[in-house]
Amino acid sequence: ADLLMYNFESPFVKGNRLERLRQMLKEISCDPDGLRRTLTILTANEQGAVAVLNLLRMAGLADFFSAIWPMPVSPRRRV
């Protein structure tokens with residue numbers, strides 16, 4: 001629960017941001033005809049795609065996404 005609070009909630013925004021994100025993903029995951037859209041994530045997370053997937057699973061958001069693409073880590077980029 002602490003990880004979800006840390007990653008998705010904010011003391012500066014009223015309401016449940018995670019629930020609003022879940023609702024928004026539900027709305028955009030299908031086109032007007034009801035066909036499923038492919039949603040993907042491009043991440044610069046140095047822990048890689050598995051860390052992102054685990055966080056999405058904990059938040060109940062993983063099923064909205066079809067792929068997670070990690071960007072290569074370069075020595076010049078610090079995340």
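Visitor: Leaving aside its neighbours within four places in sequence, which residues is Ala49 in contact with?

Guide: Contact means heavy atoms within 4.5 Å. By that test, Ala49 touches Ile68 and Pro70, once neighbours within four places in sequence are left aside. Ala49 itself sits in helix α3, residues 49-59.

Visitor: Before we go on, what kind of model is this?

Guide: This is a predicted model, in which local features need pLDDT of at least 70 and side-chain atom pairs count only at pLDDT 80 or more, while totals for chains, interfaces and linings use all residues. Residues are numbered from 1 along each chain as its sequence is written, and side-chain values use heavy atoms, with hydrogens and water left out.

Visitor: How many helices and strands does the chain have?

Guide: Helices (H or I, at least four residues) and strands (E, at least two) are DSSP runs, numbered from the N terminus. Here there are three helices and two strands, and their order from the N terminus is α-α-β-α-β. The C-alpha atoms fill a box of roughly 45 × 30 × 20 Å along the principal axes.

Visitor: Is Ala49 buried, exposed or partly exposed?

Guide: Buried means under 20% relative accessible area, exposed means over 50%, and partly exposed is in between, using a 1.4 Å probe and protein chains only. Ala49 has 21%, so it is partly exposed. Across the 79 residues of the chain, 27% count as buried.

Visitor: Where does Cys30 lie, and what is it in contact with?

Guide: Cys30 is in the loop between α2 and β1 (40-43). Leaving aside neighbours within four places in sequence, Cys30 is in contact with Leu35, Arg36 and Arg37. Its relative accessibility is 32%, so Cys30 counts as partly exposed. Leu3 is 27 residues from Cys30 in sequence and 28 Å from it in space, C-alpha to C-alpha.

Visitor: Which side chains meet in a salt bridge?

Guide: A salt bridge is a side-chain nitrogen of Lys or Arg within 4 Å of a carboxyl oxygen of Asp or Glu. The rule finds one salt bridge: Glu19 with Arg22, at 2.7 Å from N to O. Glu19 is partly exposed at 38%, and Arg22 is partly exposed at 24%.

Visitor: What does the side chain of Ser10 reach?

Guide: A polar contact is a pair of N or O atoms within 3.5 Å; within protein, one must be able to donate a hydrogen and the other to accept it, and residues adjacent in sequence count only if both atoms are side-chain atoms. The Ser10 side chain makes one with the backbone nitrogen of Phe12, at 3.0 Å. Ser10 is in the loop between α1 (2-8) and α2, and at 18% relative accessibility Ser10 counts as buried.
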